[in-house]
Amino acid sequence: MAAIEIDDRSGFCFGVVTAINKAEEELGAGGRLYCLGDIVHNTAEVERLRGKGLETIDHDRLRELRGVRVLLRAHGEPPETYALARRNDITIIDATCPVVLRLQQRIRRSYEDALRAGDGTQIVIYGRRGHAEVNGLVGQTDSRAIVIESIDEISSIDFTRPVKLYSQTTKSLEGFKAVTDAIRSRMAEGVAFESADTICRQVANRVEHLREFALRHDVVLFVAGEKSSNGRILFDHCREVNARTHLVAGPKNVEAAWLEGAATIGICGATSTPRWLMERVASRAAELPKN
């Protein structure tokens, strides 16, 4: 029988735990509660909370609502969302992650400083275009920030004007360093360039741990939702060191063929993966034949 281990450091990060706790607390108080976007990028957890009465809405639906309670998830929102809530008499339950909130405030200050200085400073954000967190960050600059997803996109920057570079909190340290070095090498002589490492260490510090975890096992089942940006990054790190790493959304995705000959099976996941889901995946792996 294969030994199965669930990584004790995988699962929800602090920001997600706080958001879910706030949602359950508000739901327990009674009345309808809306959430602007999926509270976490994991369909199973979203469905669990839907069963408790949490209704997920988008920005179009938000504009139609009046006098209700709306929870803002850990990813954060741009200033326009708060302004709309005030106009529509909406009570905001703000669960923005403290790390994201500090980054929003920092970018806002940089943007306002640049406007006062009138020196043409460009605010550049390394992140996934369209991601909820990135939308909130861009919103701090009246939508003027430049978003780059990779080194291939740095040509959108004017290297003859000052640049202040920030990062989405869940990006990889390696990727951010590569982008920083690439921009610095292209800057015109004498033009200011500042790079602010704003990556969350609770996420970044999981990389080496997960690589070590993946190396310890014959097979790794990495549990994450399809929408999880962090999940894709961490999964890729596991697969780099263990080719028998498989990405699964839940127990139904586990295939018996993957487990053939495995003496040890590791179960791990993203910062958006609930512990209970990893436990179900582990139970499914225990049920399947290994030979």
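Mentor: Let us begin with a term: a residue is called buried when under 20% of its relative accessible area is left, exposed when over 50% is, and partly exposed in between, using a 1.4 Å probe and protein chains only. Helices (H or I, at least four residues) and strands (E, at least two) are DSSP runs, numbered from the N terminus. This is a predicted model, in which local features need pLDDT of at least 70 and side-chain atom pairs count only at pLDDT 80 or more, while totals for chains, interfaces and linings use all residues. Residues are numbered from 1 along each chain as its sequence is written, and side-chain values use heavy atoms, with hydrogens and water left out.

The part to look at is helix α7, which runs over residues 173–186 and has 14 residues. From its first C-alpha to its last, α7 reaches 20 Å, close to the 20 Å expected at 1.5 Å a residue, where the expected span is 1.5 Å times one less than the number of residues. Within α7, the residues Gly175, Phe176, Val179, Thr180, Ala182 and Ile183 are buried. Seen down the axis of α7, these buried residues fall within an arc of 165°, so they line one face of the helix; the arc is that of the directions from the helix axis to the C-beta atoms. The buried residues of α7 pack against the strands β6 (122–126), β7 (146–148), β8 (163–167) and β9 (193–195), contact meaning heavy atoms within 4.5 Å. On the other side of α7, by contrast, Lys177 and Ser185 are exposed.

Elsewhere, the structure holds zero disulfides, a disulfide being a pair of cysteine sulfur atoms within 2.5 Å. The sulfur of cysteine 238 is 4.2 Å from the closest cysteine sulfur, in cysteine 268, which is too far for a bond.
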